[in-house]
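Welcome! Please take a moment to look over the sequence and the 3D view before reading on.

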Amino acid sequence: MVLGALAAAAALFVGLVLLQPVPGLTPEVERHIAETGVSNPVTAVLLDYRAYDTLMELLIVVLALLAAEPLAPRIAARAPLAGPVVVGGIGALAPALAVLGGYVLWIGATAPGGALQAAALWAAALILLETVGRGLVPRATNHAAGLSAIGVAVFFGAGLGAVAFTGMPLDWPAKHAGAIILGIEVAAAAALALGLAALFRAGTAAP
Amino acid sequence: MSAVAILYAGLAAALFGLGLISVVLHRSPLRRLLGINVMGLGVFTALLYPGPVEGSGPDPVPHALVITGLVVAVAGTALGLSLIRRAGIGQDGI
Amino acid sequence: MTPDLIVDAVLAALVLGLASTAMFVASVRIAVGAFIALGAVVAVLWARLGAPDVALAEAVIGAGLTGALLLRHLGLADEGEGEGEGDTGRDGTREDARDGRRDGGVA
């Protein structure tokens, strides 16, 4: 088995080295970037050219949560942390993380950043609040997944609504593409943050 | 083929191989989950690998693909850890 | 060798060392720690590959969230064990001995 694994790794190396230079998709991405309303090419790919992928990725997180949540816990979660330093510190850190996430989301239109990175920061804030017993993620089974699904539904609905304007699902009208992408990013990041924070907690009973 | 391209190709293959060897050798499910994650790092490095693209800078399409992959990987890891805890493997859940 | 290539080579060596540790060290605790450090170094490497968006995502999601998930899992495993066997394993010695046995011959 180890030899098989080594052979697979060697094959990957040889395959990568033997790849011939290709133009890549950068010219295509740059040709149409004005129609996407954002200037960061990665955000353009994630929320416009390949918005389909991002929508499916959100669905995967909700499905993973739906799968993980009903697993009856064998272990109770820890009692919330107490003490003025940790509670006060997290009380100050969580809002700062939320603001930082908002900044990362906003700047993602023009510079490195975006909804997924923002979602991870927001999820971190939610998880920190959870550790001091001030969690915002609903505890009841499937409630967090339901809330996450609302964000996915906003994305899906917008994608479907685009048909009326451009004739293609998930193809935003160029004039308003920037604003549409920002709105979808907020919904997607909120859904993702909630989903990731609930996944973090899944499988443990309430303290 | 530049030296840096060969370096990154080797790194991607080594990460993938180390992860795969770990997955087939270990019996602890947590160690296997770590192995799958390291295999993922190898695959992502291969996707970001600068070798085959010529001309105007890095290609944003595989970058977006890898970002999507990272989120799917963390969701899968969280689900895997929940299953390991539920199964109570080795009593200590490790 | 250009300075850039030397930096890349040093980072690559670090990645290989951390990955080997994360995969084959006997203690599961050290393995998880090495995996988190690996995520951070890989993020730096990807930033050097001209992929700052991916590097940011790897730093917060790969190293941050996955690391938090793994550490929490270890903590929960400790507590579950404490309830069942009256041994929290907090000093790590028993834990390590057990890991060594289970993964014997691999390290």
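**How confident is the prediction in chain C?**

- The mean pLDDT of chain C is 80, and 73% of its residues reach 70 or more.
- Confidence in chain C is highest in helix 2 of chain C, at a mean of 95, and lowest in helix 4 (residues 93–102) of chain C, at 42.
- Residues 83–107 of chain C have a pLDDT below 50, and in the model this stretch has 32 contacts beyond near neighbours in sequence.
- Please keep these values in mind when you look at that part of the picture.

**Chains B and C, one at a time**

- From the N terminus on, chain B runs α-α-α, while chain C follows the pattern α-α-α-α along its sequence.
- Chain B has 94 residues, of which 61% count as buried.
- Chain C has 107 residues, and buried ones make up 39% of them.
- In chain B, 53% of the contacts with a separation of 6 or more are between residues 24 or more positions apart.
- In chain C, 46% of the contacts between residues at least 6 apart in sequence join residues at least 24 apart.

**Where chain B touches chain A**

- Here 41 residues of chain B are in contact with 44 residues of chain A.
- On the chain B side, the elements that give two or more residues are helix 1 (3–25) and helix 3 (60–87) of chain B.
- Helix 3 of chain B provides the largest share of that side, with 17 residues.
- By residue type, the side of chain B that touches chain A divides into 26 nonpolar, 11 polar and four charged residues.

**Where chain C touches chain B**

- At this interface, 36 residues of chain C are in contact with 37 residues of chain B.
- On the chain C side, helix 1 (3–24), helix 2 (28–48) and helix 3 (52–85) of chain C each supply at least two residues.
- The largest share of this side, 15 residues, comes from helix 3 of chain C.
- The side of chain C that touches chain B divides into 23 nonpolar, seven polar and six charged residues.

- Helix 8 of chain A covers residues 177–201, which is 25 residues.
- From its first C-alpha to its last, helix 8 of chain A reaches 36 Å, close to the 36 Å expected at 1.5 Å a residue.
- Is helix 8 of chain A largely enclosed or left open? Of its 25 residues, 19 are buried, so helix 8 of chain A is largely enclosed by the rest of the structure.
- The largest nonpolar core has 124 residues, and those that touch the most other members are A:Ala119, A:Ala123, A:Leu192, A:Ala193, A:Leu196 and B:Ala78.
- Helix 8 of chain A gives the most to this core, with 16 residues.
- Leaving aside residues up to four places away in sequence, A:Ala119 touches A:Ala189, A:Leu192, A:Ala193 and A:Leu196.
- As background, nonpolar side chains tend to be buried together in soluble globular proteins.

- A:Leu170 is found in the loop between helix 7 (143–166) and helix 8 of chain A.
- A:Leu170 has a positive phi of about 65 degrees although it is not a glycine.
- Why does A:Leu170 count as buried? It is buried because 22 other C-beta atoms lie within 10 Å, and the cut-off is 20 or more.
- A:Gly91 has its place in helix 5 (residues 84–107) of chain A.
- With 14 other C-beta atoms within 10 Å, A:Gly91 is partly exposed.
- A:Gly91 and A:Gly113 are 22 residues apart in sequence, and their C-alpha atoms are 25 Å apart in space.
- A:Ala7 is found in helix 1 (residues 2–18) of chain A.
- A:Ala7 has 12 C-beta neighbours inside 10 Å, so it counts as exposed.
- A:Ala7 and A:Ile127 are 120 residues apart along the chain, and 41 Å separates their C-alpha atoms.

Technical notes. Residues numbered from 1 in each chain as written. Chains lettered and ligands numbered in written order. Contact = placed C-beta atoms within 7 Å. Helix = DSSP H or I, 4+ residues; strand = E, 2+ residues; numbered from the N terminus. Nonpolar A, V, L, I, M, F, W, Y, C, P; charged D, E, K, R; others polar. Expected span 1.5 Å × (residues − 1). Core = buried A, V, L, I, M, F, W, Y, C linked by C-beta atoms within 7 Å. pLDDT = per-residue confidence, 0-100.
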